[in-house]
Amino acid sequence: MAVAEFVCFTPLRQPPSARERLLDAAARRFYEDGVHATGIDTITSAAGVAKKSLYNNFSSKAELVSAYIDARHKEWLDLHRERSAKASTITDRVVAVFDAYIDHANDAYGKGFRGCGLLNTAAEFPAGHPARSSVRAHKEQVEKILAEDLESMTSEAEALELAEHFSFILEGAVARAGLEGTPERLEHARAIALRMLAAL
């Protein structure tokens, strides 16, 4: 009796939409060249779409910048979620935040690692601008993640204080890492955090 053969077909992934291509192109150009230095024509050319396509997907460059910030935020959360899922101890969970920053620094960049893309973006806008508020919300969420994990190791008050200290260490390290174009400062920051955790 013949045995029926079943062939499994992997569904083909749909090509990226115009919106996805525009957002990807904007992300690369904004990170490498800056938001204000990057014009709409540069983005549409890099995305391989007509200018009309940009305005069919984003009402303005400001909306594209907002979508870029949201995408960078999600990208970091995904890096952290992946690292946190592999953590076997509370200490591992806390330093997963540092590991996510290190993973970000080790990513491939056309013109090299330039530090935190969100902080770079915020620096281009005046105080009170919505872009700065969005970046601030991201940084506050990172600190909240640290505090929640630290609460398993110490009191709530000490966890909040330590989370703030770790945030300062992280931001200083990512700024120096961006200037130097290497994740080495972030690796040092991780080591400092481990020593502080061991002393609890």
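K74 is exposed, at a relative accessible area of 51%. Exposed means over 50%, buried means under 20%, and partly exposed lies in between (1.4 Å probe, protein chains only). This is a predicted model, where local features need pLDDT of at least 70, side-chain atom pairs count only at pLDDT 80 or more, and totals for chains, interfaces and linings use all residues. Residues are numbered from 1 along each chain as its sequence is written, and side-chain values use heavy atoms, leaving out hydrogens and water.

Stay with K74. Its side chain meets that of D78 in a salt bridge, 2.9 Å from N to O. A salt bridge here is a side-chain nitrogen of Lys or Arg within 4 Å of a carboxyl oxygen of Asp or Glu. Side chains of opposite charge can pair when their charged atoms come close. K74 and D78 are four residues apart in helix α4, so about one helical turn separates them. Helices are DSSP runs (H or I, at least four residues), numbered from the N terminus. D78 is partly exposed, with a relative accessible area of 30%.

Now turn to helix α5. It has 16 residues, 90-105. At 1.5 Å a residue, α5 should span 22 Å, and its end C-alpha atoms are 24 Å apart, which agrees. The expected span is 1.5 Å times one less than the number of residues. Helix α5 also bends by about 35 degrees at A96. That bend is the angle between axes fitted to the seven residues ending there and the seven starting there.

Which residues of α5 are buried? Among them are V94, V95, A96, V97 and F98. D99, Y101 and H104 are buried too. What covers the buried residues of α5 includes α4 (61-85), α6 (117-122), α7 (130-150), α8 (156-180) and α9 (184-198).

R93 and D149 meet in one, 2.9 Å from N to O. R93 lies in α5 and D149 in α7, so the pair ties together parts 56 residues apart in sequence. R93 is partly exposed at 28% relative accessibility, while D149 is buried at 9%.

K139 pairs with E171 in another salt bridge, where the closest N and O atoms are 3.2 Å apart. K139 lies in α7 and E171 in α8, so this pair ties together parts 32 residues apart in sequence. K139 is buried at 14% relative accessible area, and E171 is partly exposed at 22%. Elsewhere, salt bridges that share partners join R29, E32, D33 and K111 into one network. The count comes to 17 salt bridges.

Note on methods: Helices (H or I, at least four residues) and strands (E, at least two) are DSSP runs, numbered from the N terminus. Contact means heavy atoms within 4.5 Å.
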